[in-house]
Amino acid sequence: MSDTEHSSDDRRSALAGDDHAGWRLDRFLAAALPDFSRSRLQQLLEGQAVFLALPGQQSRTIKDANHRVKPGDQFTVTIPPVAPAIPQGQDIPLEVIYEDKELIVINKPAGLVVHPAAGNLDGTLVNALIAHCGASLQGVGGVARPGIVHRLDKDTTGLLVVAKNDAAHHALSAQFADHGRTGPLRRGYLAFVWGAPERPRGTVDKPIDRHPHARDKMAIREGGREAITHWDVLERYLGADGKPVASLLACRLETGRTHQIRVHLAAIGHPLLGDDVYGGGFRTKASRLSPDAQTALAALGRQALHAYLLAIRHPSQGQDLEFRSELPKTLVRLRQSLGAQRISG
């Protein structure tokens, strides 16, 4: 077994036992120091922060992650101070659903970009989390920053979980990479779409990749990344002409590609209401809505998509957590205006 300790001068030690013989060094350190992801430990190895004690000699720096461990090897890892956050924190209001020392779940509003990028260098969720979490951000990759494990589009509302340290980031990333196929992860969305599917439920299994001509869009493309969306009809709505014009779907992601729901629903002829990127050709259908529904859709000014359900396993405590978010007021208004002419799904 290994023996670990955290000294006041920010060093960690790990002693290899008989059962560690022949292990790769990065694997051994990941087991001995579970607070750090393997990628972070590999950074420390490359940064010459891992030392092997040699009897009667000065400790030797080990940089090779593939170094084979021997019983009795005593390793010391020097942990550099967490670097200041880049970007800087900004006092942006957040609706916090849940928070502990390892993770935070927020209810993202429309218009908030998750991560800084060209055109959105500040005013993002990351800036808000840096300010909100403060010293509780233990650092991801050696930097005081939140660990983003999934994203919501700028104008999509709803639940999003973020890690506060390396270990939580590693564990949550593994859950999202698995897409809930062997674990508890579930992601549910409410989508108001044009038209009314004839079947009560279905699955879209179509690969997604960058659009060949518009780099800010995604598209169904042969050879793209696997993408699977399951959907159920919750409500259907009649237009002013007495025929079904829109519906409310509950969508469950089995994968997590950029714009996945928006692309998939457009591909089956039911793009999101308010989605000018993937449903621009359906704008004229607004004339079939009641005046109240037309007003509500115009006031929405975005795609009608909300992440209402998020289920994860806590990265260290092991219990399953489930969070739900009510529709924001703008979508409640849209639903009410459509619901005056609702027919059961």
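Buried means under 20% relative accessible area. The model shown is predicted.

View 1. With a cut-off of 2.5 Å between cysteine sulfur atoms, the count of disulfides is zero.

**View 2. The largest nonpolar core.** This core has 28 residues. Tyr-189, Cys-251 and Leu-265 have the most contacts inside it. Among the elements that give two or more residues are strand 7 (103-108), strand 10 (186-194), strand 15 (244-253) and helix 5 (260-267). Helix 3 supplies the largest share, five residues. A second, separate core has 22 residues, including Val-245, Ala-246, Leu-248 and Ala-304. In soluble globular proteins, nonpolar side chains tend to be buried together.

**View 3. Contacts of Leu-265.** Neighbours within four places in sequence are left aside.

**View 4. Asp-73, buried without a salt bridge.** Asp-73 sits in the loop between strand 4 (60-61) and strand 5 (74-78). The nearest side chain of opposite charge is Lys-70, 6.4 Å away. A salt bridge needs nitrogen and oxygen within 4 Å. Beyond neighbours within four places in sequence, Asp-73 is in contact with Ala-14, Leu-15, Ala-16, Leu-52, His-67 and Arg-68.

**View 5. The buried face of helix 1.** Helix 1 spans residues 25-32. Its buried residues are Leu-25, Asp-26, Phe-28, Leu-29 and Ala-32. Down the helix axis they fall within an arc of 160°, so they line one face of helix 1.

Methods: Residues are numbered from 1 along each chain as its sequence is written. This is a predicted model: local features need pLDDT of at least 70, side-chain atom pairs count only at pLDDT 80 or more; totals for chains, interfaces and linings use all residues. Side-chain values use heavy atoms; hydrogens and water are left out. Helices (H or I, at least four residues) and strands (E, at least two) are DSSP runs, numbered from the N terminus. Buried means under 20% relative accessible area, exposed over 50%, partly exposed in between (1.4 Å probe, protein chains only). Lys and Arg count as positive and Asp and Glu as negative; His and the chain ends are not counted. Contact means heavy atoms within 4.5 Å. The arc is that of the directions from the helix axis to the C-beta atoms. A nonpolar core is a set of buried Ala, Val, Leu, Ile, Met, Phe, Trp, Tyr and Cys residues joined through side-chain atoms within 4.5 Å.
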